[in-house]
Amino acid sequence: MTDLTAMPAVGGSQSRSLFLRGERTRRRHMAESRFRAIGLAAVIFGILVLVGLLGSILANGVSSFRQTYIALDVYLDPAKLDKAGDRDPEALRKLTTFTYQPLIKTAVEGLIEEKGISVDGLGGKDVEGIISKEAPAELRHFVLAHPSRIGETVKFELLADGRIDGYYKGRVTMETAKLDRNVSPEQLMLADELKAAGVLTTRFNWSFFTAPDASDTRPEAAGLGVAILGSIYMMLIVLVLSLPIGVAASIYLEEFAPQNRLTDIIEVNIANLAAVPSIVFGILGLAVFINYVGLPQSAPIVGGLVLTLMTLPTIIIATRAALKAVPPSIREAALGVGASKMQSTFHHVLPLAAPGILTGAIIGLAQALGETAPLLLIGMVAFVREFPAAPPGGFFDPASALPVQVYNWTQRGDPAFIERASGAIIVLLVFLIIMNLGAIFLRRRFERRW
Amino acid sequence: MNMLTDAAVEETLQSGSKPAASKMAGKDVTVHYGEKQALFGVNLEVPERQVMALIGPSGCGKSTFLRCLNRMNDTIDICRVGGSILLDGEDIYDPRIDVVELRARVGMVFQKPNPFPKSIYENVAYGPRIHGLASKKSEFDEVVETSLQKAGLFNEVKDRLQEPGTGLSGGQQQRLCIARAIAVSPEVILMDEPCSALDPIATAKVEELIDELRENYTIVIVTHSMQQAARVSQRTAMFHLGNLVEEGPTDKMFTNPDDKRTQDYITGRFG
């Protein structure tokens, strides 16, 4: 507008060279380059934040994918494990891990003697302390599974204590060990000797993905198994419930419902629902699904239902947008050759909208996968060591979830859990990346067909 | 061009001597879009196996009337239609009528070519499939071939029937849409400015095709091109501001119209 009014003034000074830059031009150029600089700065800032975030998570978390093990020959002494000599499974089950602790102690002492290692200032407790407190449970598990091997000497790859593990990841040093009541420099020296003898190794940590959570004193044994399974169960429930319901609702609203006040109100409220804080859905889940319906606490079924409610608006909004983006000429074309409304929708509109719907669904799922707050309220924050059974029964068993596991681990005192939490975040991010890649892949595939 | 008009004149002379039976008829048709009235009591008969052109300035209601003929206006929520429209003497707005059956008998070709984003074959075969007009592969092959032949497209696309219909040129796409419409063997074909998105060469082909289709189908065409109306139609109806101004044989409308508004519009004084 201002340009137009300025025109006559410029036109007055006729045949001015285009190379001459007036005050207006100079200001316009300034404004343009200023805006570009601001935009670029914003982008760079964003990238830096992202790099910093990922960098710190990776720096803290990558080490959780490696774990230190000690190879140990343990003599499964029948005099201690099976006094009656009948291998009775009932009697074996009654033995607690306390019975196995001395076996480990004997084994470690035997190992040190065999390798000819001598470390001054090591007490008896210190020697067996380099092995994780999880080890007796591991032995007991083995004996219960193979009672016939009692009396044999069996080679075990036992977890090293969390501090020993931390020593090889740079978390624990000789200096910190002097101040630490849980580990002594002598133990670290012993570990170094064992490493030199090839008994102590650090290798890829599969059990991080398969093992259940462990208690505060044994971070080295803590894994994501239950959390991953719980998250997968919940995602299955969310997918199976929210995709059909959401797509059906959006098709009805977009293609069939009349445009009137009622549908307007519904539309506004779906948008509102998408903005409801997730913790409110958690309270709803607690009140309705657990207190009223009586579903079990900490169960993936409740988590799945709550996350379904949360995901529905996202899917409905994305699906409606995808349906709206299909040109009306396609609907007219179908109706014009005598297709019914439903035929036109399902034969033509829906396939064209499918890539958008899929993307929306996967974004909704990804959102649900990372959601923590509502799960805290329905008890999924509980310490769960038992794996849930196979579906569908397993949907009702207690389980954990990935983001909740992260939250859980950051609450623990042992610094080894910071590494675990960061590792869990990496796993969560990898899941999200895989889902997004899946969305891109599916979209490409669908689009190629047309 | 002259030959076409000559043929049209000859045709109207013939039909003048033996008036064609009315295929569709609108009786006192009114249309409201919400509060706004778009058609004010239109009475118009569409003769069988002839081409009727609907002309008039933009917003005059000719497209609205056309879309009433196969109840395409049903898809617009706020649209209300009054009066009655008869197809072979039956009211198509009767509640007992199934609109899908109606649209199978009264097909439509749109302003912008809108082939389905599927193969050429699938575009044509879709109508027969949903109406159960063919069941075996050979039957589908046949209906696809004859429809494409009638639409004058077969020779151009016979080697690439499995390629997407959207990959054709604009004119070919529009002829594909016509083939798609005739594949369900309609009795009436409605065309809403079918050539407005096409270049002159493609337009000539489609017009030629319309002239051939007249043998078997009743055609109603909305057009903004006076020349096109003169070239392809036997009868012309002139709309203005939601009213039918006048209707008559095309040559008479273009040479000696009764109404001054028709005269003005045709000679380009308004619209």
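What radius of gyration does chain A have, and what would a compact globule of 450 residues have? Chain A has 32 Å, whereas a compact globule of 450 residues would have a radius of gyration near 22 Å. The radius of gyration is taken over C-alpha atoms, and the globule rule is 2.2 Å times the number of residues to the power 0.38.

This is a predicted model, in which local features need pLDDT of at least 70, side-chain atom pairs count only at pLDDT 80 or more, and totals for chains, interfaces and linings use all residues. Residues are numbered from 1 along each chain as its sequence is written, while chains are lettered from A and ligands numbered from 1 in the order in which they are written. The model scores ipTM 0.84 and pTM 0.80.

Along the principal axes, the C-alpha atoms of chain A fill a box of roughly 105 × 65 × 40 Å. The secondary structure of chain A comprises 20 helices and 3 strands; helices (H or I, at least four residues) and strands (E, at least two) are DSSP runs, numbered from the N terminus. Of its 450 residues, 36% count as buried. A residue is buried if 20 or more other C-beta atoms lie within 10 Å of its own, exposed if 12 or fewer, and partly exposed in between, with C-beta atoms placed from the backbone.

One residue of chain A illustrates these terms. Tyr75(A) lies in strand β1 (residues 66–75) of chain A. Is Tyr75(A) buried or partly exposed? Tyr75(A) is partly exposed, because 15 other C-beta atoms lie within 10 Å. Leaving aside neighbours within four places in sequence, Tyr75(A) is in contact with Leu103(A), Thr106(A), Ala107(A) and Thr153(A); two residues are in contact if their C-beta atoms, placed from the backbone, lie within 7 Å. Tyr75(A) and Glu152(A) are 77 residues apart in sequence, yet their C-alpha atoms are 6.0 Å apart in space.

Chain B has 11 helices and 10 strands. Its radius of gyration is 18 Å, close to the 18 Å that the globule rule gives for 271 residues, so chain B is as compact as a globular protein of that length. The C-alpha trace of chain B spans about 55 × 45 × 35 Å along its principal axes, and 48% of the 271 residues count as buried.

In chain B, 4 strands form an open sheet in the order β2-β1-β4-β5, with antiparallel pairing. Two strands pair if DSSP finds at least two bridges between them. Strands β2 (36–47) and β5 (90–91) of chain B stand at the edges, each with a single partner strand, so one side of each is left without a neighbour in the sheet. Strand β1 (residues 22–33) of chain B is joined to β2(B) by 8 bridges, and Ser22(B) has Pro47(B) as its bridge partner in β2(B).

Elsewhere in chain B, strand β6 (residues 106–109) is joined to β7 (residues 188–192) by 4 bridges, and these two strands run parallel. Val106(B) and Met108(B) point one way from β6(B), Gly107(B) and Val109(B) point the other way, and all are buried. In a regular strand the side chains alternate between the two faces of the sheet. The bridge partner of Gly107(B) in β7(B) is Ile189(B).

Confidence in chain B is the last topic. Chain B averages a pLDDT of 87, and 92% of its residues score at least 70; pLDDT is the predictor's confidence in each residue, from 0 to 100. Over residues 11–18 of chain B, pLDDT stays under 50. Where pLDDT is low, the predicted coordinates should not be read in detail.
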